[in-house]
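Thanks for coming. I will go through one structure today, from single residues up to the whole chain, and give the cut-offs as we reach them.

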Amino acid sequence: MAKSALVLGGGMVGVCTAWHLARRGFDVTVVDRRAPGQETSYGNAGLIQRECVEPYNFPHDFSRLLGIALGRDNTVHYDMRAMPGLASRLWQYWRQSGPKSYPAVVRNFEAMIRHCLTEHEVMIRAAGAQDLIRPGGFKLALQSPRAFAHEARRAEFLQQEFGVGSTIMDSDMLARAEPALRERFAGAIHWTDAWAVRDPGGLVSRYADALQQAGGRLATGDAATLEADGTGWRVSTTQGPIRAEHAVVALGPWSGRLLRGMGYRYPLFVKRGYHTHYAGDAGLSTAVLDMKAGTMMVPMNMGLRVTTGVEFAALDAPPTPVQMRRSERRARQLLSLGARIEPTPWLGNRPALPDMVPVVGAAPRHRGLWLHFGHAHQGFTLGPVTGRLLAEMMNGETPYFDPQPYSPARFG
Ligand SMILES: Cc1cc2nc3c(=O)[nH]c(=O)nc-3n(C[C@H](O)[C@H](O)[C@H](O)COP(=O)(O)OP(=O)(O)OC[C@H]3O[C@@H](n4cnc5c(N)ncnc54)[C@H](O)[C@@H]3O)c2cc1C
């Protein structure tokens with residue numbers, strides 16, 4: 001059974017891990033209950049976010065927190081019923097977001113994000129998926145002069161410190177660049193290095209095709225059937241049981257459930273988000289995020305995808321219409337929006353950890369078990385980056401950057 005692996009989960013994270021393993025000579029099978037890229041990796045905003053050096057932290061600003069508490073801020077919504085269960089994880093998240101801890105979080109995040117374009121590029125080439133990629137970045141539109149000045153300072157800092165490309169656009173520049181916007185903003189930051197993907201689920205599916213070309217396999221099955229089997233692991237699939245020396249848990253928001261059954265308690269929580277498609281592209285040349293309204297508008301193959309901010313709720317709680325309704329209203333104010341394509345919004349779950357970096361590495365108490373989840377807002381961006389990192393660890397190579405900050409052992 002030497003050099004064989006089961007990768008549980010066929011989202012961006014699992015498929016990229018499997019591709020890197022296959023390239024290193026592993027006999028690898030991705031096991032998912034669905035086809036690749038049909039869950040969180042399907043419904044996101046599709047941005048490969050080179051600019052995202054600073055992951056979304058828990059706000060410490062009192063007026064913002066008050067706005068969220070009173071339900072006036074569309075960037076965050078919460079389900080009161082979920083709060084008791086989430087309290088300790090949100091408390092940890094709040095602490096990690098403070099001035100003492102956050103600089104280290106940024107260092108650890110930047111160490112991953114700096115590789116996102118180069119690592120995606122290798123896979124895009126292997127998958128022949130150039131037609132799905134739209135370089136040219138996206139625009140962060142700011143309603144108030146104060147927010148614009150703040151973001152402009154931040155953009156200059158990120159440019160100097162980390163080489164992140166941007167153009168600071170005043171109100172007139174933005175109006176000229178995006179004439180379809182019916183309202184004037186104070187200005188925008190055009191993050192020029194980011195790439196937009198025209199069909200995020202489609203990209204994962206192409207990466208899965210590349211995996212198969214590299215000798216990997218796809219199987220349908222329930223990860224909950226994973227069992228230790230001698231010195232390796234076994235899972236039941238529709239093609240029968242599959243055995244391998246290694247197993248990788250890459251189940252995104254569902255990873256915590258499987259691991260609880262094995263005695264691990266990771267403080268994973270979900271930041272839910274919604275999208276709806278509207279016919280046409282509404283005339284936008286790039287994706288535009290109205291930051292204050294918590295509304296992202298992204299031209300895609302299916303139409304204009306409007307996505308929402310964060311909802312704190314239980315993984316299986318029924319959807320709430322609050323944020324999507326407000327985001328649709330805002331998008332209609334800003335753009336000549338086409339007809340709605342889906343009758344009900346899509347709902348997905350960003351898999352988040354309190355210290356804002358994913359878990360990547362060996363399970364502390366099980367030989368041959370590897371953990372790979374918790375990429376939160378940037379799993380679509382980071383899948384190929386941490387996929388390579390984990391594959392190098394599993395193959396006994398020197399990792400291309402230090403994996404220590406992402407160690408599964410950090411949660412005890
Ligand atoms: C609204 C929204 C916008 C976003 N925008 C961006 C963006 O622009 N850029 C970015 O980088 N990220 C973005 N994200 C985050 C990104 O989508 C996630 O971080 C990423 O998709 C996580 O990938 P994953 O592979 O870990 O999880 P998933 O894609 O959810 O994959 C997990 C897989 O596990 C499978 N699975 C679960 N349980 C079982 C089981 N028991 N048996 C078998 N299979 C199982 C599922 O079917 C699924 O295929 C956004 C997220 C949302 C919700």
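A contact, as I use the word, means heavy atoms within 4.5 Å. By that criterion, and leaving aside neighbours within four places in sequence, Glu-110 is in contact with Val-53 and Phe-162.

Before going on, the conventions. This is a predicted model, in which local features need pLDDT of at least 70 and side-chain atom pairs count only at pLDDT 80 or more, while totals for chains, interfaces and linings use all residues. Residues are numbered from 1 along each chain as its sequence is written, and side-chain values use heavy atoms, with hydrogens and water left out.

Back to Glu-110. This residue is found in helix 5, residues 102–113. Helices here are DSSP runs of H or I of at least four residues, strands are runs of E of at least two, and both are numbered from the N terminus. Is Glu-110 buried or exposed? Buried means under 20% relative accessible area, exposed means over 50%, and partly exposed is in between, with a 1.4 Å probe and protein chains only. Glu-110 has a relative accessible area of 8%, so it counts as buried.

Pro-319 falls in another class. At 58% relative accessibility, Pro-319 counts as exposed. Pro-319 sits in the loop between strand 19 (310–312) and helix 11 (322–334). What does Pro-319 touch, not counting residues up to four places away in sequence? The list is Arg-272, Tyr-274 and Leu-347. For a distance, Pro-319 and Trp-346 are 27 residues apart in sequence, and their C-alpha atoms are 9.1 Å apart in space.

Next, backbone angles. Most residues other than glycine have a negative phi. Met-356 is not a glycine, yet its phi is positive, at about 65°. Its place is the loop between strand 20 (346–352) and strand 21 (359–362). Met-356 counts as buried because its relative accessibility is 7%. Ala-376 also has a positive phi, near 50°, in a residue other than glycine. Ala-376 lies in the loop between strand 22 and helix 12 (379–394). With a relative accessible area of 18%, Ala-376 is buried.

Now the strands. Two strands pair if DSSP finds at least two bridges between them. Take strand 14, residues 246–249. His-246 and Val-248 point one way from this strand, Ala-247 and Val-249 point the other way, and all are buried. Which strands are joined to strand 14? Strand 1, residues 4–8, is joined to strand 14 by four bridges, and the two run parallel. In that pairing, Leu-8 has Val-249 of strand 14 as its bridge partner. Strand 22, residues 369–373, is joined to strand 14 by three bridges, again in parallel. There, the bridge partner of Val-248 is Trp-370.

There is also an open sheet of three strands in the order 11-12-13, with antiparallel pairing. Its edge strands are strand 11 (227–229) and strand 13 (240–244), each of which pairs on one side only. From one strand to the next, the twist averages 35°; the axes are lines fitted to C-alpha atoms, for helices over the stretch in contact, and angles run from 0 to 180 degrees between N-to-C directions. Strand 11 pairs with strand 12 (residues 232–237) over three bridges in the antiparallel sense. Ala-228 has Trp-233 of strand 12 as its bridge partner.

Zooming out, the protein has twelve helices and 22 strands. Domain bounds come from an automatic or database domain assignment. That assignment gives domain 1 as 4–43 + 201–267 + 355–411, and domain 2 as 59–84 + 131–196 + 268–346. Their contact takes 18 residues from domain 1 and 16 residues from domain 2. Over C-alpha atoms, the domain centres are separated by 30 Å.

Finally, overall numbers. The C-alpha trace spans about 65 × 45 × 45 Å along its principal axes. The radius of gyration is taken over C-alpha atoms, and the globule rule is 2.2 Å times the number of residues to the power 0.38. For 412 residues, a compact globule would come out near 22 Å, and the protein has 21 Å, which agrees. Of the 412 residues, 58% count as buried. Among contacts with a separation of 6 or more, residues 24 or more positions apart account for 76%.
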